[in-house]
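Here are my notes for a first reading of this model. Please keep the structure open beside them and go through the points in order.

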Amino acid sequence: MSDKPFHRRDGVEIIDAVDRFVEYHDDFHEAVQADRKANGHQEWYSVDRGTFSEPILPADALEYLGAKRDKRSFAYGEEVGEARLRKQIAQLENLKHDTSYDESNIAMMPGAWAGLEFAIEQIMIADGGRINKKDAVLAIGPTLYQMFDRPIRRFGMNVIAHDYTMQGVEHTPTKENVDDMFREQPKIIVVTNPNNPDGVFVDNETLKVLIERAAEEGIYVIVDEIQNCFSREELRYGNWIQASHVLRVDSPAKRYSMAEYRQGWIIADSDLLGKRNRGIVGNMSGTMGNAPRAGNTALLHVLRNETDVIRKGADSILAHTHAELADKERSLVDKLKTIEGIARVMRRDACINLAVQADFKGTDMELAKRLMQERTLMMPASGYGYQPEDSVLRITFSEDMDYTNKAVEALGKVLSKS
Ligand SMILES: Cc1ncc(COP(=O)(O)O)c(C=O)c1O
């Protein structure tokens, strides 16, 4: 066993994790369809999505998605995304982190995931399509490994991962682990902050050390912040986060339950972002970053509210949702205590999931499949970097409490038989 607090994965192992993730999705779709065919419509308890299954914005905000959308915003607008939106993102970021971004540092992307892929490709693939296979991308896990499928499988990139999912350690690197990252001699280090599925932040000191060292060694750092929603403490960096070798990707998919509009953004140096046919924006090509105008208007409204909350102490339009989520999380934790066979509930800083380790003699996938027989869906966490035999599942607690309770009862039933 390694004396390091992380599992080191090569590209083949990362693809294995992706394949497990895909297999899980194929299996449950098949199971639901077979159940429908045999038994007609039945309620399935799916607490596996990692996001909200319904809109969470209040009615007046949702109106911006329809009647109140701005008729002057154009679908074929700037490829880099609508200027007002980019300005608002820069303003909000500056308030949060004491940075001095402007709209030239923001490019809208069709989601955080696409933003990450386009950024990696921009850095790793030279004009003319040449990839230096020796240059590595180092992913710090746990994270959503499907995001690295395209770099590995389609482009043949050398992606490796350090997964901080070992028992007995916090599931995130500390500054003592930074040397191990640079020993890999990567060209890019990708940090998911907070990670997925746990939702644990990398502490600022570690991130700062990592970023400073990357500057010295000419390495890029990409920080994926999409899981930063419903956090116990607001994420606040300092102006050290703003550097020409640091790229940050984010989206409103989880925080505001707006995944279907495929909005997202990258915060980076403007030269790296490029324009219509150059840089990361050019890499988007026909996959334009300018979301449907209704999505743009709604997002602008939400971001203005967040800005006002910080600047003027205005009421957050998410206050009600967050109060409900706190109740739901408490209720899930209480319910988990009533069933036997739960070994551990991992610490959560942010996001709307709890990573839960079961006392189960088998893999997370076998457990997930047993749960499917009870019409219950929980996400096996080995697609994110846990070992399959760790039997860790990710439970999303944003659903109706009765519904979540039914799912946990099914877990209790399966575990009591194991
Ligand atoms: C770490 C991480 N980044 C990005 C995404 C996807 O982001 P988007 O929906 O904005 O493309 C996910 C989805 O779960 C994720 O876990």
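1. Domain bounds come from an automatic or database domain assignment, and for the protein chain that assignment gives domain 1 (9-55 + 318-416) and domain 2 (59-312). Residues are numbered from 1 along each chain as its sequence is written. This is a predicted model, in which local features need pLDDT of at least 70 and side-chain atom pairs count only at pLDDT 80 or more, while totals for chains, interfaces and linings use all residues.

2. The centres of the two domains, taken over C-alpha atoms, are 26 Å apart. In the contact between them, 31 residues of domain 1 meet 35 residues of domain 2, where contact requires C-beta atoms, placed from the backbone, to lie within 7 Å. On the side of domain 1 that touches domain 2, helix H1 (11-39) supplies the largest share, 6 residues; helices (H or I, at least four residues) and strands (E, at least two) are DSSP runs, numbered from the N terminus.

3. Strand E5 (residues 158-163) is largely enclosed by the rest of the structure, because 5 of its 6 residues are buried, that is, have 20 or more other C-beta atoms, placed from the backbone, within 10 Å of their own.

4. E5 pairs with strand E4 (residues 136-141) in the parallel sense over 6 bridges, pairing being called when DSSP finds at least two bridges between two strands. With strand E1 (residues 7-9), E5 pairs in the antiparallel sense over 3 bridges, and there His 162 is the bridge partner of Arg 8.

5. Around the ligand, helix H4 (residues 112-124) gives the most to the shell, with 3 residues.

Technical notes
A residue is buried if 20 or more other C-beta atoms lie within 10 Å of its own, exposed if 12 or fewer, and partly exposed in between; C-beta atoms are placed from the backbone. Two residues are in contact if their C-beta atoms, placed from the backbone, lie within 7 Å.
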